[in-house]
Amino acid sequence: MADLRGVGPGDAGADAVIVTGSRDDRFSRILIITGATLLAVVALAALAAPLLSSWGATEVDPNATLAAPAGAHLLGTDTNGMDVWSRVLHAARLDLGIAVAAVALAVVVGTLLGLVAGYRGGWIDDVLMRVVDIFQAFPTFILALAVAALLGNGTVNLIITIAAVNAPAYARLVRAEVRTQRELPFVDAAVTSGASTTGILWRHLLPNSLTPVRTIAPLNCGWAMLTLAGLSFLGLGVSIPEAEWGAMISLGAPDVVGGRWWTSVPPGLALFVSVLGFSLLGEGLQERANAKRR
Amino acid sequence: ANSGSDSDDSTSGGPTASTLRIAVSSYLSSWDQDFVGFDLTALMMFKNVFPYMIDYGVTTAGDSQILDTQNITPTFAESFEPDAEQKVWTLKLRRGVTFASGNEMTAADVKWSKDRAFAAQANVAGIYRTIGLTEPDQVKVVDDHTVEFHQAFPSALTRQIQAISLYVFDSVEAKKHATADDPWAKEWFAKNAPTGGYYNVARATQGQEIELTANTGYPGPDAPRTPTIRISVVPAASNQRLQLQAGDIDIALGVSQRDIEDLRSTDGVKVISAASNRQVAIQMSVTSAPFDNVDVRKALAYAVPYEQIINNVYGGDARAAKSPVPLDMPGYDESGYPFTHDVDRARAALTAAGRASVESELVFEADNEEQQRIAVQVQSEAAKAGINLKLTPLDPATLGERRTRKNIPLQLTSGQLWVNDVEYMLATSFVEGANLNYSNYTNAEIEQIYEQSHTTVDESARNALWQRVQQILAADVPWVVICQPNFNLPVREAVAGWVQPMDGLARLRYLSRSA
Amino acid sequence: MRILRFVVRRLLQLIPVLLGVVVLTFLIVRVLPGDPVRSILGQNASEADAEAARARFGLDQPLWRQFLDYLGGLVTGDFGTSIQSGGSVGAEMALRIGPTLELVVIAVSIALVVATLLGVWSARRANSVGDHGVRLFALVGNSIPEFWLGLVLVLVGYSMLGWFPAPSGRVDPDTNLTPLTGAGLVDAALTGNGPALASAAAYLALPVLTLVVGVMAPLLRSVRASALEVLNSEAYTAAAAHGLPQRTLLYGYLLRSTLLRLPALAALVFGTAIGSTVLVEYVFSWQGFGQWALRGLLYRDYPVVQASVVVIALCYVLVFLIADVVHAILDPRVRI
Amino acid sequence: MLSIENLSVVIHRAGRQVAALSDVSLTVRPGEVVGLVGESGGGKSMVARAVVGLLPTGAHASGRVRFDDADVLRMDEAALAAHRGRGAAICFQNPRGALSPTRTVGRQLTDRLVTHQDMSAERAREAARELFEAVGIRNPQRRLDAYPHELSGGMAQRVMISLASGCAPGLLIADEPTTGLDVTLTREILRQFRHAADVDGRSVLLISHDLASIAEVCDRVVVLYAGTVVESGPADRVFREPAHPYTRALLRSVPDVGGRPVVATPGAMPLLREAPHQCPFAARCPHADDTCTTSRPLTTPMDTPASGMDTPAADWSLACYHPQTGAITTDEAAPTPTVAPDATESGSAVLEIEDAHVVYRSRFGSGGHHALRGVSLRLGPGETLGVVGESGCGKSTLAKLIMGLVPPSAGTVAVAGQHLVRQPGRRAPRGRVLRRLRTRAQLVFQDPIGSLSPRRTVGDSIAEPLRAAGLPAAQRDARVAAVLDRMELDRSILRRYPHELSGGQAQRIGIARALVGEPDLIVFDEPTSALDVTVQAQILDVIADVTADNDRASVFISHDLATVRGFADRVAVLYLGRVVEEGPVDVVFDTPRHPYTRALLASAPRLGTPPASVAGVELVKDLEETDAATGCALAARCPFATDTCRSEPQDLQSYGASRAACWRVPELPALIGKQADTP
Ligand SMILES: Nc1ncnc2c1ncn2[C@@H]1O[C@H](COP(=O)(O)OP(=O)(O)OP(=O)(O)O)[C@@H](O)[C@H]1O
Ligand SMILES: Nc1ncnc2c1ncn2[C@@H]1O[C@H](COP(=O)(O)OP(=O)(O)OP(=O)(O)O)[C@@H](O)[C@H]1O
Ligand SMILES: [Mg+2]
Ligand SMILES: [Mg+2]
């Protein structure tokens, strides 16, 4: 209905006026497919990393620091003499893993909080939401830095950190959704049918409130990867010599100035491609959801 | 400065030869050295802004000029001499020296400044302790221009220690800002640079930039050569390099090693190189497992790839170290120091310790790229010998705390001793409870030699002691000494007069810049 | 008047949140490993010296005492004394917050304006090549790590093209700008310093661009989606079916309805942008609030960390409040 | 004025195609009101859109839409822009949605005036005020600055009309202008259109699915079925003696206050993918034969005079091989349902409401909305109570109160002797006990699809009450299957999700869910008002069947009296939270006592014969403009209100079999006679 030119001027002779079909669906499908493909490629690379590379992710070639891409090292080596190609591949495991796990954790925690706050209302809602406010008002990076400093740089702690940063958004989202859903007749129907509170929350409100979460989560995964990279750039992410794109970029970025692009451009591209994959997927899903709403 | 090209400096009204532009990596934490302010940028600024009474002279080594650690001469002071017993040192001030406020520098200023340092109980007070100065009463005003320092015991290090501690504040001005709550005007000092040194601070934008102007009233030798120096904070090393290349800065103090390689061949830029006494080492805690076993320590010493580190991390631009005593330090002796990279012997040593493999964490400074690269090389090679290291970068506060707790099994250290003397080295690093003795190392004989050295003034006798020290350390291996990287400083070609500081703190007064 | 009551009520609601932030920060910094005084004392300091330093900063007091003191200070606007510099945290912060806010506010404002223009443009041509192009461009921008983009911009904009000033400082020192607020443009405007104004703007260009690119995508997506929704709404169709002219449709029926959902998102984006400045400031040697706070955290400068978190949280909640007020003004349906 | 010739519209969408209109021809002459009627999805809105050249994306239109000698389908941008609004202006189906939420209604109107009548801004504002007044908006000056959300549905519809007429169009198109409005408002709004035609000389195209309500205002009527015109002709003729079986079916689906029972037509309108080659109604038509299914009947003028008519009507045409004749008679109707035994006095009550009050508290402290004020009701097993009243009078609140979804702020509610929520002086049951108790009373909702959990299968939803009762899975399945059979639904529907259901199916599921636990009481809250006409009739059939069960009581809530008449035993008329009249259904309908009841009955749409006995009462204001007085709540709107009415409330008094709460019951008949004499 978007097009006010639904019926345009036709030539007098023609009986029919044809208007081209909508490309809404097609573009969102292209977005989703492209995004998913990019991610699939990255995931595959992560899985097949040991097969695709002859060097270990943390293996140092003592005779080749900052070696240019050539035979033995497909993408050269970094300042530590580690093989860039192999590290880029292996890093995919950590990056994807942390981002997805962190978002999953954030979704679970945020959803539970939002569900309870939204359904219960009253003082429970007030208290929970103030807590969420506090976490959200906490500057993202400081919160991340604090958790990292508090718990150390381990993978699990990074997951917790990034989840803590993201959970409030989900709590809000789900709460808002639950509050609107709660007023809908199907909830009254469930109550009068004798469903228990947990039953209502679990079987009726949860599945319905997850709709917006589903479209946000992929976008959020991309964002989580960038956060992780940012943390690594500040030296608070994954610690050396573990292969992680952000850390690799940060280690190699100064080399670019000297023309040694291979230390940071490949991990940068890998990160970019993955984030783009998530973004495309998320945008596509959102577009589709919007189209459905229309 | 605003266009990125250096050709139009003169036309754009930018800085001319009278201004020297220096990039540093961070802003100084504070202007108050007594109470706070212990980072390298701060110490460097203090050196050039505070009126120090005495300082090192300059000598040539090879084709570079270096600070002469053997020759400490009065600068703002007229003289600084001991009595026969070497316990009472008399400082004579020059007359007519004024602070920026116009107040004359007098003995009262010296007294107030030292009282303040003792009151602070922080870094200066700590350093004075090594030469037996612990009480304000030990600093006595004789007359308006004479002050006596009464040490508890004589010390061969007095000149050196005073060279890094004997600065004087404008007490008349400072007292105006003192309050009952804040008798030492801490609040004021934190924000306001003391005046009266070689340079005065013309302007300081916190976190960002400091502009220095030469103190024309400086009475001593080696007056400042450049009228204005602009110091800007550029944290990213690659940005410093870019600006140096573009001619927007003259000296880049925070460029990374790999950029230096490139800069050597860049037009308009030269790299000043000099041998340095900065030493890179791994300190092993001899009180915690598994390094409480000397064989394990030896295993690590054999497992470290010395040459590989020199090549990969320093591009070959470092000297191999064969003793915990730095090369160039009087008394250096490498006899009996057996450690070279040898995986077989490392394994053998480990077997001798009855272990097939050991695990440990290797701690280093989080934001220190050089240490991180060394750590990676060490980790990779040590693993081949069965020593599995977990790399643990720590932020400054955590590192500081863990060092106080003395619970770091293995840590990378790098630094240079402010005083180029083995006695000072022992005092700071190898005697029981010494502050840099992160190894928690103790050895009765070394303690005894250290005691003995206080009163041993004869050069050859001292050298004999030092030889013994090195033998003991070679046998006990509390440290794995990795190497001594050379000093490299990329500057614009127009920059002249760099004097290599043995304490790592640039003396800006020697620098000049041709148009 | 209603708006005023609403604002007051919201401000009151902020109190528990800010109090929570204060408590949480206070506890977190103290639970963090690391000793705040060791790094100011020098290598030769003894345990007694450290104790003395702790006493100087009140760190020897029991925790509740420290907290009460801190709270008392906060109420009177005293953020304490920085352990690292020995100076007043409030004064230091005043110098640091200006530039960062200037950066973020300008970046977010530009992003908002551009997102609105592009988003509406895009929606009106929904599914055309131009529309897809704009969206893809925003997505790509959104997928580049900010610090990486910053480095590239420095390399290209400064080093290769020489169009922008060196990534060092915020204004050419030769313009002799008197700092008042710390925000270059504002100071230059206040002091009527023309060259400084130009210089500050030139220094702002690249960091602002970096931030804008980073935050653009979500804003654009939101504007486009709302605009599409409005364009597809019965209300808009009705107006169009009644033959209203394009101008009236655009300004009277499309724009305001489209912007309804933007304030909340803008506030969120503002928060993200404040977070991102830590990285952007590093890359452009901007030396603002982010770097200051980060340094405070690395050295466990308790008062600095506390103050910076509280102030950021305050900014954040205020921005949300502003967003709510703007939303209330834009949307007549909001009951306040 | 408007002449549509062979208009076909096919909509192409990814993966589907809809033939929305096929060969539609119709004309609207100047000053004429033409009704366009038919079921939902019949293509009524599509016709309207075609007239203003606003077809949806992907639409492929052929044929001609002539408007004053120009073809709308072939207009260029400029011509279209000139045509829209000034040529033809639409009043949209959903006025709330069609008003821009962020612009004051005054601005929206002046926008139109400035654009189409070349007025200056001040002049336009003045004119806007006059227009508002003209469509019956009180206090127009103030309303100019109102935002759409501040308006009630009726008010919004008036604004919408003013917007359309503000464009000064030659043709005014009203797309379902009365959907969702009460009976009282509907009449009032429809009159506005008659007025536009009679006074302003506009042509009006009035679209509705509700034949009864527009019957009296139209000159001619066009009946649309599945995108085709099945019958068109003079309104009085077509409604009296519809010739097309579909028109007849449609008319029979409409409940009538007169008591004529509703007859449901089985099946649903087909969704056509392309222009039909057969009679689209054939599948549902009782008269269909092979001809009907092999070729599509052409639209032909009625040449045979209809029964009882002397002359063939001008432009009465239809597309049917088997035209019917004669008025709709009850012969075609199913037998009236059996009347349930009157159980009020005997036995225990299933539902007992004792002086219940419900106050919705506002979120912050004071105030609140007093939605029910002292309602007492008692219902025995097997009995069916109808509850009627205008929108907002508290019907749904009553339903929620019965179901224990809102607690009474005073008074008591008991279902089968049990109290579900905390009530003054009693302990509320909790946990499993409560959950079981809840299943004793079941609710059937107004919004059939919305009351099913969107992400649970239909089977899951139906079984919910059984799960609460703790039945094992096998028994659950058996009970569900049984109730499905009763609802005449296929088992395959169990695995579907709500959005895959039609409204009628969903409401059957809703009733199935209510029935499956064999509750003591079922409450129907406007169960048919969201449904399509013919589907409504089907569902009313089902409900009639369900309420006939003798072991269960029912409450049937509706805003429409006619709907209740068919199967309620007793009826209660609710006004602003109070029961104003109550009694056996026939008594209340045939001899209403309360002026409000009379007003409701009078405005109820009526086909065919006008009401015999009851003279109507016209209420003077809209519901939303009345403020609660201390006395009778209706006082402000009642044309007969006295000072007593305004100051003292009257309780329900018995008048024969029924009870009413009005001071002036005895004098009313006389008063009404007088009112009728002096209009
Ligand atoms: N935007 C659209 N895209 C696809 N199909 C549509 C669209 N709008 C309407 N249709 C289809 O066209 C047919 C006619 O729809 P239309 O809206 O004219 O019906 P209607 O008679 O106005 O029904 P209602 O009483 O529900 O308003 C329907 O089958 C509908 O599904
Ligand atoms: N949750 C609520 N909070 C506050 N007021 C309410 C609430 N629910 C209903 N009301 C108000 O109570 C009054 C009665 O509402 P109710 O829904 O019972 O009316 P109704 O007769 O069912 O109307 P309709 O025919 O529109 O469904 C209305 O004025 C309504 O605005
Ligand atoms: Mg319609
Ligand atoms: Mg209702």
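Let's start where chain C meets chain B: the contact draws on 53 residues from chain C and 51 residues from chain B. Keep in mind that we are looking at a predicted model.

How much area is buried between chain C and chain B? About 4,400 Å², with carbon and sulfur atoms giving 48% of it. If you look at the chain C side, the residues that lose the most area to chain B are Gln43(C), Asn44(C) and Arg56(C), and together they make up 15% of what that side buries.

Now the polar part of this interface. Between chain C and chain B, 19 residue pairs are in polar contact, counting pairs with both residues at pLDDT 80 or more. One to bring up on your screen is Arg129(B) with Asp49(C), where the closest N and O atoms are 2.5 Å apart. As a reminder, side chains of opposite charge can pair when their charged atoms come close.

Which helices of chain C supply at least two residues each to the side that touches chain B? They are helix 2 (38-41), helix 3 (47-56), helix 5 (89-124), helix 7 (146-160), helix 12 (262-283) and helix 13 (289-298). By class, that side of chain C has 22 nonpolar, 19 polar and 12 charged residues.

While we have chain C up, please look at the loop between helix 12 and helix 13, where Gln287(C) lies. Gln287(C) is not a glycine, and yet its phi is positive, at about 50°. For context, most residues other than glycine have a negative phi, and most peptide bonds are trans.

Pro290(B) is found in the loop between strand 13 (279-284) and helix 9 (294-303) of chain B.

Staying in chain B, let me show you a salt bridge inside the chain. Over all chains, the count comes to 83 salt bridges. Among them is Arg509(B) with Asp55(B), whose closest N and O atoms are 2.9 Å apart. Arg509(B) sits in the loop between strand 21 (499-500) and strand 22 (512-513) of chain B, and Asp55(B) in strand 2 (residues 54-61) of that chain, so the pair ties together parts that are 454 residues apart in sequence.

What about chain B and chain D? No contact joins these two, and their closest C-alpha atoms lie 48 Å apart. So much for chain B; let's move to chain D and the ligands.

Ligand 1 is surrounded by 16 residues, and the closest are Ser40(D), Gly41(D), Lys44(D), Ser45(D) and Met46(D). An oxygen atom of this ligand is 2.7 Å from a polar backbone atom of Gly41(D), and one is 3.0 Å from a polar backbone atom of Gly43(D). From a side chain, a polar atom of Glu176(D) lies 3.0 Å from an oxygen atom of ligand 1. On its own, ligand 1 has 630 Å² of accessible area, and the protein covers 77% of it.

Strand 1 (2-13), strand 2 (16-28) and helix 1 (44-51) of chain D are the elements giving two or more residues to this shell. Helix 1 of chain D gives the most, with three residues. The shell around ligand 1 has six nonpolar, six polar and four charged residues.

On to ligand 2. The residues around it include Tyr360(D), His369(D), Lys395(D), Ser396(D), Thr397(D) and Glu526(D). Oxygen atoms of ligand 2 are 2.7 Å from a polar backbone atom of Gly392(D), 2.9 Å from a backbone N or O atom of Lys395(D), and 2.4 Å from a side-chain N or O atom of Thr397(D). Taken alone, ligand 2 exposes 630 Å², and the protein buries 61% of that.

Strand 14 (369-379) and helix 13 (395-403) of chain D each supply at least two residues of the shell around ligand 2. Helix 13 of chain D gives the most, with three residues. By class, this shell has three nonpolar, six polar and three charged residues.

Thanks, everyone, and I'm happy to take questions.

Methods: Residues numbered from 1 in each chain as written. Chains lettered and ligands numbered in written order. Predicted model: local features only at pLDDT ≥ 70, side-chain atom pairs only at ≥ 80, totals over all residues. Heavy atoms only, no water. Near = heavy atom within 4 Å. Polar contact = N/O pair within 3.5 Å; in protein donor to acceptor, adjacent residues only side chain to side chain. Areas by Shrake-Rupley, 256 points an atom, 1.4 Å probe, with all protein chains shown as cover. Helix = DSSP H or I, 4+ residues; strand = E, 2+ residues; numbered from the N terminus. Nonpolar A, V, L, I, M, F, W, Y, C, P; charged D, E, K, R; others polar. Contact = heavy atoms within 4.5 Å. Buried area = accessible area lost by both parts, 1.4 Å probe. Salt bridge = Lys/Arg side-chain N within 4 Å of Asp/Glu carboxyl O.
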